[in-house]
Amino acid sequence: MVLDRRYWMSLSSAGVLFGTLFFAFSLTPSLLPRSALMQGVVSGLSLAAGYAVGVAGHSLWRYLELPSPSQRVERGITIVGGAVCLLIAVFFLWKASGWQDSIRILMDMEPVEGVRPFTVGLITLLVFGLLLLFARLFRRTHQFISKRLSRFIPRRVSFVVGILTTVFVFWSIMNGVLFRYALRAADLSFQRVDALIEDDAEQPRSPLKTGSPRSLLDWTSLGRAGREFVSSGPTVAQLKAFFNEEVRDPIRVYVGLNSAETADARARLALEELKRVGAFERSVLVIITPTGTGWVDPGAVNTVEYLHRGDIASVAVQYSYLASALALLLEPEHGAETAEVLFAEVYGYWTTLPRDRRPALYLHGLSLGALHSDGSFDIYDVIGDVFDGALWSGPPFRSETWRSATDRRVPGSPAWLPRFRDSSVIRFTDQESRLEVPGLPWGPLRIAFLQYASDPIVFFEPQMLYRAPEWMSSPRGADISPSFGWIPIVTMLQVIADMRAGDITPQGHGHNYAAEDYIDAWVALTEPAGWTGEDTKRLKSLFAE
């Protein structure tokens, strides 16, 4: 049906005109570079959105019984308008490579070879055709239902009831059949990946390692991400070679989703394992909230272990094996609950220790982990004996502390790098080291947000549907294309697509956080003893290599 010529000939002229404009606008740059596939999807959605706007506008004009041009004049307007829109689309296609390169150059990426117009056009038409087919199926279903109802109830009442009934029917089919089947397939797929034991993943033998024969946790129960976390990281030999002095073996504790039945049981197991390996005898302890799959960013952990010469322990508890987007959509309470009970267990025990003999306590989370870590404690419960700080990287736009500090920033500070009050508690940083503020000392609780101006996970906001976000105002972040302009509806679709484009973004941009930037953040936050600026340069060189 989508390939039928009559199917396309029945399109609305107003819809096609607006759709063509929206298609052209979708080729402009946004936060991140886009592949041909992603560009085609964005353009198809934009074309459909513009078509819907045109159809809705034309329908409203007719409903209000406003004057309409004659059929001959309307045909002329359609031809002229179509020619203008076609020229605009061709011009934007011609400019698209340069716009993509304006982002790629800022991110030290190779220039794009071309906009691949045939590939983009084919995907655009396919996406638009499927959406149009869905819309027409919805309309015909509504017409069928309302026509039958009009025999028994007033016509306008049957129209409204028909819409509600059609929405209910379509939602029931999508949610009850398609959506649930897709989620079941995704759930099974991620579960199998989580259970997979890699060929190079060898069970640790040291009794201080989680998953070892002496550990409270079985090696196979840690999950794929847990085994990777426990078995990786800097070794004593690597640390000793860097510092040329005696160091300690970093402690890593991880509790997998299959290690215990409930979040409370997993948190208690984590605490007992921390006690067993002597984690509270180290100088620093980090509570990590992983991403949806249970993954912990190695750049965040490896660097802080170097900074403190291995005299550090870290702990993480898995709450899902789904990707972060699915985990947030399907089971948001699991991550929040796990982060909360883990913090309560570790912090509760930590407060019983002598203040001069307990480790400095920090929190960390990336992306969804940052969101749940932020909600893991109530400030009024810890203010009497506050922990030392938190480093949250790539915090999602829904993060409560991040949103509050950004909205209430000091006037004049940009939304992509705000300054909150006197900077004694909360500070923001990006690719540059910005956490040290001359003349403004930190307080007993230090919270640092590491974020890139080009990160769509951080800076997406639904309101960009109808207004430009504040982070697009001048001055802009260093890795934001100067050609990026706000367009109603289209910009929101572009940034949504950017949230799925992290696989082609190099480290240090978008949602791909670089180890070198973690180094600056951890140095300012934890102030490792005896650390110098020269040490920072050497460590950055090590991780850059």
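Which residues of helix 8 (residues 236–243) are buried? The legends below start with this helix and refer to a predicted model.

**View 1. Buried and exposed residues of helix 8.** Leu 239, Phe 242 and Phe 243 are the buried residues of helix 8. They lie on the same side of the helix, because the arc they cover around the axis is only 85°. Ala 237 and Ala 241, on the other side of helix 8, are exposed.

**View 2. The salt bridge between Glu 245 and Arg 309****.** The closest N and O atoms of Glu 245 and Arg 309 are 2.9 Å apart. Glu 245 is partly exposed, because its relative accessibility is 35%. Arg 309 is buried, with a relative accessible area of 19%; the cut-off for buried is under 20%. In the whole structure, a search finds 16 salt bridges.

**View 3. The salt bridge between Asp 385 and Arg 358****.** The side chains of Asp 385 and Arg 358 meet at 2.6 Å, N to O. This pair links distant parts of the chain, 27 residues apart: Asp 385 is in the loop between helix 14 (379–382) and strand 5 (389–393), and Arg 358 is in the loop between helix 12 and strand 4 (360–366). Asp 385 is buried, at 12% relative accessible area, and Arg 358 is buried too, at 14%. A network of salt bridges links Arg 355, Arg 358 and Asp 385.

**View 4. The salt bridge between Lys 540 and Asp 520****.** Here the closest N and O atoms are 2.6 Å apart. Lys 540 is in helix 19 (residues 533–544) and Asp 520 in helix 18 (residues 515–526), so the pair ties together parts that are 20 residues apart in sequence. Lys 540 counts as partly exposed, with 26% relative accessibility, whereas Asp 520 is buried, with a relative accessible area of 13%.

**View 5. A negative surface patch****.** The patch is formed by Asp 264, Glu 333, Glu 337, Glu 340, Asp 378 and Asp 381. Helix 12 (residues 332–350) gives the most to the negative patch, with three residues. Glu 340 lies in helix 12 and is partly exposed, because its relative accessibility is 46%.

Methods
Residues are numbered from 1 along each chain as its sequence is written. This is a predicted model: local features need pLDDT of at least 70, side-chain atom pairs count only at pLDDT 80 or more; totals for chains, interfaces and linings use all residues. Side-chain values use heavy atoms; hydrogens and water are left out. Patches are made of residues with over 30% relative accessible area and no salt bridge: like charges are joined within 9 Å, nonpolar side chains (Val, Leu, Ile, Met, Phe, Trp, Tyr) within 5 Å. Accessible areas come from the Shrake-Rupley method with a 1.4 Å probe; for residues, only the protein chains shown count as cover. A salt bridge is a side-chain nitrogen of Lys or Arg within 4 Å of a carboxyl oxygen of Asp or Glu. Lys and Arg count as positive and Asp and Glu as negative; His and the chain ends are not counted. The place of a charge is taken as NZ of Lys, CZ of Arg, CG of Asp or CD of Glu. Helices (H or I, at least four residues) and strands (E, at least two) are DSSP runs, numbered from the N terminus. Buried means under 20% relative accessible area, exposed over 50%, partly exposed in between (1.4 Å probe, protein chains only). The arc is that of the directions from the helix axis to the C-beta atoms.
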